[in-house]
Amino acid sequence: MKKNIVAISKRTFVLTLGVFTLFSCVSDSDSPGLEFMPDMYRSPAIETYVDYGWVKEEINVEAMMTASAKHPPIHTIPYHGKVEDLSLYLPYHRKANSFAPVTHGLQEKHGWNLSTEAGGDYFIAAEDKNPIELTSDNEKDIFKKGKELFNINCAHCHGEKGDGKGPMVESGAYLGVPDFKNLKNLPDGQVFYSIYYGKGMMGAHAPLLNKKEIWTVVHHINKLRLDDYGAGSVQEEVVSDSSTVEEAN
Amino acid sequence: MFNMGNKGLFTFLVTLFMLTAFASNAQEGESIFNSKCATCHAPHKDMTGPKLFEVRQKWEEGGAMEGSLYQWVKNWQVAAATDPYAKEVADWAPSAMTTFADLSNEQIDAIFNYVDEQPLPGAGGGESAAGGEMVASTNTQENDLGWIWYILGAVFLVVIFSVGGVKRQLQELDEDAGKEIKVGSKAWMFKNRKYIGMVGLVVVMAGVTWLLVGLNQVGVVTGYQPSQPIAFPHDKHAGINGIDCKYCHNSANKSKSAGIPTTNVCMNCHKQIQGEGDQVEKIKKIYKSAGFSPEGGGKYSGETENIVWNKVHQLPDHVYFNHSQHVEVGGIDCKQCHGDMTKQKELPRVVPVEELNKIEGNIQLTKATLTMGWCIECHGVKEVSSGPIEGKGGYYDEIHKRLLENDETLYEEYLEDGKVTVDELGGWECAKCHY
């Protein structure tokens, strides 16, 4: 009888231990786990996306919404780069059409330059020339950069070839993307205006790309819609360049 | 006779011509509609422009002047000036329609013929409902898994209590039998000291191991997957729809932070895509944040609201990490650290290193994700020369030059294994990441 008691109590002990071990393994995916020193994670130096509303177990909604990831101050120029490019960082002088706040959400309080006319400066923008001039020296780099930017920011709708058949359109999620080949006569300035302020269903892309990047993309779009675009015949040059480099190596 | 035959032949030819014309007409209508109109118009849904299904009948019934619809397509401002009905239509939405002066009346008719042929989207509703059910059932399955633990716990508790009860009953039985065995715990432990000792040893060892393992987990956040205000499906956006990571996280190659997209980036596509089934509620949260109402072609109210996302990858304040240095200069693919988001069906999370190693093209590492060992290990393996520094490597060219000028033997030492890794260019210096 005593042996039975011993055996039973032993089993009970093992079972209890097992249950506790199992329960201790169930983790909460909403909790980041133990922190060694929480104040090292939330310091007074303001970092993006750190929740400064949460200080010493008190929540401050105002700080939560405003302390990190802010808009840049209105009418300031984000400038980093070469002095020659300075003009490209100045504000865009063409105004958005007067209904852009309603159709595209471009509010004056966020620093958008709005016109009082329904057409905006879209038609005058046709006069604008691309400030990044193509020469036979720089066009290879510009086309390379333009293609890179286009593939990141535009190709999911417009397609890598600019035929309006990007993966978004192919999957059936999005409709009505034009083929650039049908827009051969659209002036550069209006292409820029449409990317900057958005047009129709397309939203404004100025928050994603700066003026220099948009003009670089305009070069790439021209290459997609026009057959012989560029200062020299770039395609043959690229091929011969890479082969000569390989030979030299 | 001849006349009759001629007439018959004529009618036949005319019918044939009309039939072929209609077939090509519908095709032409489709291609023109898709390239020129579909950006703003849909057959059955108001978008930037109103829905176009049976718009000719609508204008006729509304009392529009004959031909003013064609004039409208060619140049809406001219039509609005002459026809009062067109003037009303102009007030439907504030956006101005593009003028299509090059379209002929036949082409415009072809477009409307094509639009009127489009069936109402009814079949899609059933599918989406089925999809919703599937989602619901998987959710309950997950909940079932949670219940298993409660049931198991309850079973164990019952077992423990019943075993305790049996033990007490046996004791009472023993006492009833008149045998005076005092089951004093000390005496019992002394009698069974061998077993107690062994069990004690196991308990102490388990305790120490648990403590050490636990201490190793402090500050390591593998498996952290906070719930988010919108359960964003990365597999749909980056996978099926092929959107580049850097379109939404657009400061990854420009700044320290990769950036959580503002809702205006969402709106670039979701102005049109309003979702089906359970997606509708999620997309409504975007609309609320952007101050957008999709009715009547879509209007922004200007009253925006923040969405408060939960940060997944937390680094302590004493660690400096810069996305642009890794993405732009180092040429590291996002999936090296974040995993393959094109297949991530759930919320984003801290991915364990074993899963990162399974992804093709990733550098194979052993240390736990987001630990210092992980960073250091990668800096010791990643070759700088294999990155895209050619052409933009002014900084690295300078370092190579200075190395050659200052100490040529050191430079040769670096190149002994035929590669230059990040640590050889100072990637292991404390001040690179700690300041």
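Modeller: Let us begin with the axes: each axis is a line fitted to C-alpha atoms, for helices over the stretch in contact, and the angle between two of them is taken between N-to-C directions, from 0 to 180 degrees. In this predicted model, H6(A) and helix H10 (residues 211-225) of chain A pack at an angle of about 95°, and their axes lie 8 Å apart.

Colleague: What makes H6(A) roughly perpendicular to H10(A)?

Modeller: Angles of 65 to 115 degrees count as roughly perpendicular. The angle here is about 95°, and therefore H6(A) is called roughly perpendicular to H10(A).

Colleague: Which residues make the contact between H6(A) and H10(A)?

Modeller: H6(A) contributes A:Ile142, A:Phe143, A:Lys145, A:Gly146, A:Lys147, A:Leu149 and A:Phe150. From H10(A) come A:Glu213, A:Thr216, A:Val217, A:His219, A:His220 and A:Lys223. By class, this contact has 5 nonpolar, 4 polar and 4 charged residues.

Colleague: Which residues of chain A does the annotation "domain: Cytochrome c" cover?

Modeller: According to the unreviewed UniProt entry, the annotation covers residues 141-225 of chain A. Over that stretch the chain is 54% helix and 0% strand, with the end C-alpha atoms 19 Å apart.

Colleague: How many helices and strands are there in chain A?

Modeller: Chain A has 11 helices and 2 strands. Along the sequence they follow the pattern α-α-β-β-α-α-α-α-α-α-α-α-α. Of the 249 residues of chain A, 26% count as buried.

Colleague: Why is B:His400 called partly exposed?

Modeller: A residue is buried if 20 or more other C-beta atoms lie within 10 Å of its own, and exposed if 12 or fewer do. B:His400 has 18 other C-beta atoms within 10 Å, so B:His400 is partly exposed.

Colleague: Where does B:His400 lie?

Modeller: B:His400 lies in helix H18 (residues 394-406) of chain B. B:His400 and B:Asp340 are 60 residues apart in sequence and 35 Å apart in space, C-alpha to C-alpha.

Conventions: Residues numbered from 1 in each chain as written. Chains lettered and ligands numbered in written order. Predicted model: local features only at pLDDT ≥ 70, side-chain atom pairs only at ≥ 80, totals over all residues. UniProt positions renumbered as here; feature names shortened; annotations may be inferred. Helix = DSSP H or I, 4+ residues; strand = E, 2+ residues; numbered from the N terminus. Parallel < 35°, antiparallel > 145°, perpendicular 65-115°, else oblique. Contact = placed C-beta atoms within 7 Å. Nonpolar A, V, L, I, M, F, W, Y, C, P; charged D, E, K, R; others polar.
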